[in-house]
Amino acid sequence: MRVPRRDPKRRDLLAVAFLGALAPLAAGCGTDSTSARATSARATSATPATGATTTRLAGAGETTGTAGTARPASGPGWHGTVPPNARPKPSFTLTDTSGVPFAFATATAGRPALLFFGFTNCPDVCPTTMADIAAARTLVPTRIADAVRTVFVTTDPARDTPAVLRRWLDQFDSTFIGLTGDLAEIDAAQRAVGIPLAIRPSLAPSQAPTADYSVAHAAQVAGYGADDRLRVLYFANATVADYAADLPELVDAR
């Protein structure tokens, strides 16, 4: 499936410094619980959302458009931001929602994968992103959708128990893989990927599960091809059409 490329005038010609210290953080991810139903309008549309509530920092490889909206640079043949180096999949091991260890690089070897870090109480970027990916899967052939593994890593393990994480992901797509671990393990996974560590409040372990707080985290989805190499990054203004256009490319990446 092909979707027309964006207007070349919108492309940023700056080199992309992939996942460096200035990688964008989702500053607007807050504490309101959001269901998949709240994002259904966007999930079924291929047009970018407007009036987004999330304030984001313009990271490396992005330009800032009107109203402070970070706009990523698009690369030839892709509908997201193309990193300068096709880095291999990162190696880290966390635990899935069934309590089974999940070694990301090994479990997704030879298969395309979308990797995103976030948390279930995020009111905007996280549910919107997962809804968009779920919608994109319905627009491509079944063999393409089934080939891609979508992995969501919580940055808020105190509140995102395996049961909570599974229930939240199932609102979007029951095939989505949810991963958790302790804070040290999740931070190690972020380091392996090369993104800034999520920023959480300092709370006693007994307080965190019921506390009302926000978690700032890296806002990009990393798209890995079937060749186990990073091929494209998607930021908060990526659309359903962007994902749908690129899923076949990730499957065919060699």
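Strands β4 and β5 form a hairpin in which four residues lie between the two strands, and Gly99 in the turn has a positive phi of about 85°. Helices (H or I, at least four residues) and strands (E, at least two) are DSSP runs, numbered from the N terminus. The model is predicted, so that local features need pLDDT of at least 70 and side-chain atom pairs count only at pLDDT 80 or more, while totals for chains, interfaces and linings use all residues. Residues are numbered from 1 along each chain as its sequence is written, and side-chain values use heavy atoms, with hydrogens and water left out.

Strand β4 covers residues 93-96 and β5 residues 101-103; the two run antiparallel and are joined by three bridges. Strands are taken to pair if DSSP finds at least two bridges between them.

Apart from neighbours within four places in sequence, Arg254 is in contact (heavy atoms within 4.5 Å) with Ala226, Asp227 and Arg231. Between Arg254 and Gly225, the C-alpha to C-alpha distance is 7.5 Å, with a sequence separation of 29 residues. A polar atom of the Arg254 side chain lies 3.2 Å from the backbone oxygen of Val251.

Technical notes: Polar contact = N/O pair within 3.5 Å; in protein donor to acceptor, adjacent residues only side chain to side chain.
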